[in-house]
Amino acid sequence: MSSSPLLRKAQSDVSRQGAGVGALTQESRPSPYQPAYLRSWIYVFGLATAAALAVVVVSGVILSLKGPEWWQDAQLGHFFNSIHLWSVELAFFFMVIHLWGKYWMAAWRGGRARVWMTGAIALLVAIPAAFTGYLSQQSFDAQWVSLHAKDALNSIGVGAFFNATNFGQMYNYHVLLLPVALTTIAVAHIALVRRHGAVPPFERSVRVQQLPDGDAVSVGARDEG
Amino acid sequence: MTITSPFDQLPAGAIVNLDHPAHMVHWHFFQMSVANVVVVVAMLLVFALAIALPFPKPARRRKEAS
Amino acid sequence: MTAKRPTGWGDGTWAGALGPFGVRGLAIGFGFITVLAVMLAVLFSSPDERPSTLTQWARERPIDFLETAVSELAGTTIAAEYGPPYNHDAKGERILFLRPQKWLGVAHPIVAGYDYVIAPLRAIRGQPMLQADLTEYLGAPNYQKADGIEGFEKAIRNVKVGTDGSARVPAGEYENVDNVMNGLLSLAQSGGLEADLLPNGGLSLADYTKPLLFLGDGKMFEDRAARQHLPPNQWAMMDETGSYPGLPALWPYTFWYEIEPFKASKNRDILVWLVMAVLALAFVCVPLIPGLRSIPRLIPIHRLIWREHYRSARQPPASA
């Protein structure tokens, strides 16, 4: 094992800072070093997805404060409707790029299979969440989409229970059931990422070593098993 | 439609009007609206840029007191 | 004291509660995304295409409304012959010997002729002649009913809409079908039909199944979608009205409908769902699937992503 004092400190930091909120105040500065393999813009897309989902939730809460007529008839309501729509587009945009990045990094390695799986399930849950949002608009497009979607749902027997043409039911799935499911899975995903850390490159382990000038480099030690 | 409060009256019109029938892209059996194609192309572009663009190096710092 | 070690090889890559970004990074990220969403909302707004209603349909396209209504009475529409979960008039789609469409039975019953025509007319008060015509129609033998419907269907195609919005067929033998249809048209144009087809007279404003299936059987709804360039098939699942983006992420689902053997199959919905179930499972289980999990190693996009690392990696000290 590396004997770098800074590495030991970082390891000790991670082990001390469980999930407690108090830990937030201990990290008001960036981590003391960062491995070279994290220096890629691809790593911001997980954060971007989470941020976009947060905007989705906040704008959705505002919309639900005043109800359906507000987002259809009132200009301010329509404005928040627009923010909600575009933040959903951004969330999917960043989520797919995040997925592509993680696939090409084979980010499930090193015991991270559950990280990948929770992320994949989050995407699969996000799709019906967005779909029920489509329907909740009660617009002409909602009518058209529900008329076609019902055939697919009916064919597998689900349509008898999950009725795409029942606005009340679809609205409840959209504002309560699916956001709760998606948030739970997203939190589990982020917690697992936190626990396992970012996946290292293929050929080398995650050894990092602080240089005297303050920079950090990756040093090779073992190949992936 | 009844406007009942000042909160409901703020302007929220679009600067770029997308409220006209979509143009569709047809390629063999594949059909998608131009807007959706733009989103997919933008995804590919941003992914390529995210990989290709250099990430700023961290600022040199004095040795941390541990 | 035994400190909990991070598992895997993530030593130090999540050095802190908020990850490698820190509080400042998170705040910048969230702020940036919020500003971006607001900017897009200000630039492009969002669609607001009002829904179609039966009332609007009856007023603007009375002939199309009547053609559809008489087909509902005859039981020859999609809604009438759909099968579960609306009625027992068809068996539904199947895969091998399995018919999941039937498993939960008729959960949203629709008897087209009764629900769309007879019951709403029966509920009208103060129109004794209409009630008498309806009673006479219902009491006629089936072959007479069929003749009346056929005659009306032929005649209505060539009718001109009056200035009062009515669409009256020329005098002929319709076995009271014409009077029944005229009564239904008046009811629909006044808004009463919509209320009759919604739960609690429309107070719940919740389950649109009956009116929507009725609308879907007509041409007006289809024509409106065509004007919006919404495809008349599953591709529409991805699209929004106007030139707004929809859900392009759905294309791996919708494109199967356009290729064989799905395209020509009567069971295409259930077949596509089977394919999607397999793909979704494979997607979740990528780490467990040999071959699929090895592709990233074989196609070295990772060498671009981690080029800084490969450039700066050094050999471990000889003494380690």
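1. Some housekeeping before the details. This is a predicted model, in which local features need pLDDT of at least 70, side-chain atom pairs count only at pLDDT 80 or more, and totals for chains, interfaces and linings use all residues. Residues are numbered from 1 along each chain as its sequence is written, while chains are lettered from A and ligands numbered from 1 in the order in which they are written.

2. H3(C) covers residues 62–74, 13 residues in all, and spans 18 Å from its first C-alpha to its last, close to the 18 Å expected at 1.5 Å a residue (the expected span is 1.5 Å times one less than the number of residues). Ten of those 13 residues are buried, so H3(C) is mostly covered. The buried set is Pro62(C), Phe65(C), Leu66(C), Thr68(C), Ala69(C), Val70(C), Ser71(C), Glu72(C), Leu73(C) and Ala74(C).

3. What do the buried residues of H3(C) pack against? Their partners in chain C are helix H2 (54–60), H5, helix H7 (142–156), H8 and helix H10 (209–216). Contact here means that the C-beta atoms of two residues, placed from the backbone, lie within 7 Å.

4. The axes of H5(C) (residues 112–122) and H8(C) (residues 177–190) come within 10 Å and cross at roughly 80°. Axes are lines fitted to C-alpha atoms, for helices over the stretch in contact, and angles run from 0 to 180 degrees between N-to-C directions. H5(C) and H8(C) are therefore roughly perpendicular to each other (under 35 degrees counts as roughly parallel, over 145 as roughly antiparallel, 65 to 115 as roughly perpendicular and the rest as oblique).

5. Which residues make that crossing? From H5(C) come Val117(C), Pro120(C) and Leu121(C), and they meet Val180(C), Gly183(C), Leu184(C) and Leu187(C) of H8(C). By class this contact has six nonpolar residues, one polar and no charged. For the classes, Ala, Val, Leu, Ile, Met, Phe, Trp, Tyr, Cys and Pro count as nonpolar, Asp, Glu, Lys and Arg as charged, and the others, Gly among them, as polar.

6. Now the domains of chain C. The assignment gives domain 1 (54–227) and domain 2 (234–289), with bounds from an automatic or database domain assignment. Their C-alpha centres lie 33 Å apart.

7. Leu271(C) is worth a click. Leu271(C) sits in helix H13 (residues 268–284) of chain C and is partly exposed, with 19 other C-beta atoms within 10 Å. Leaving out residues up to four places away in sequence, Leu271(C) touches Ile95(C), Phe262(C) and Ser265(C). Trp256(C) is 15 residues from Leu271(C) in sequence and 9.3 Å from it in space, C-alpha to C-alpha.

8. On to where chain C meets chain B: 24 residues of chain C and 22 residues of chain B take part. Helix H1 (22–44) and helix H15 (301–305) of chain C each supply at least two residues of the chain C side. H1(C) gives the most to that side, with three residues. The chain C side divides into 15 nonpolar, six polar and three charged residues.

9. Chain B itself has one helix and two strands, in the order β-β-α from the N terminus. Of its 66 residues, 14% count as buried.

10. Chain A has eight helices and two strands, running α-α-α-α-α-α-α-α-β-β along the sequence. Of its 225 residues, 60% count as buried. Among contacts in chain A with a separation of 6 or more, 65% join residues 24 or more positions apart.

11. Last, the domains of chain A: domain 1 is 40–105 and domain 2 is 116–200, and their C-alpha centres lie 14 Å apart. Their contact takes eleven residues from domain 1 of chain A and twelve from domain 2 of chain A. On the domain 1 side, helix H3 (44–66) and helix H5 (75–104) of chain A each supply at least two residues, and the largest share, five residues, comes from H3(A). That side divides into eight nonpolar, two polar and one charged.

Technical notes:
Helices (H or I, at least four residues) and strands (E, at least two) are DSSP runs, numbered from the N terminus. A residue is buried if 20 or more other C-beta atoms lie within 10 Å of its own, exposed if 12 or fewer, and partly exposed in between; C-beta atoms are placed from the backbone.
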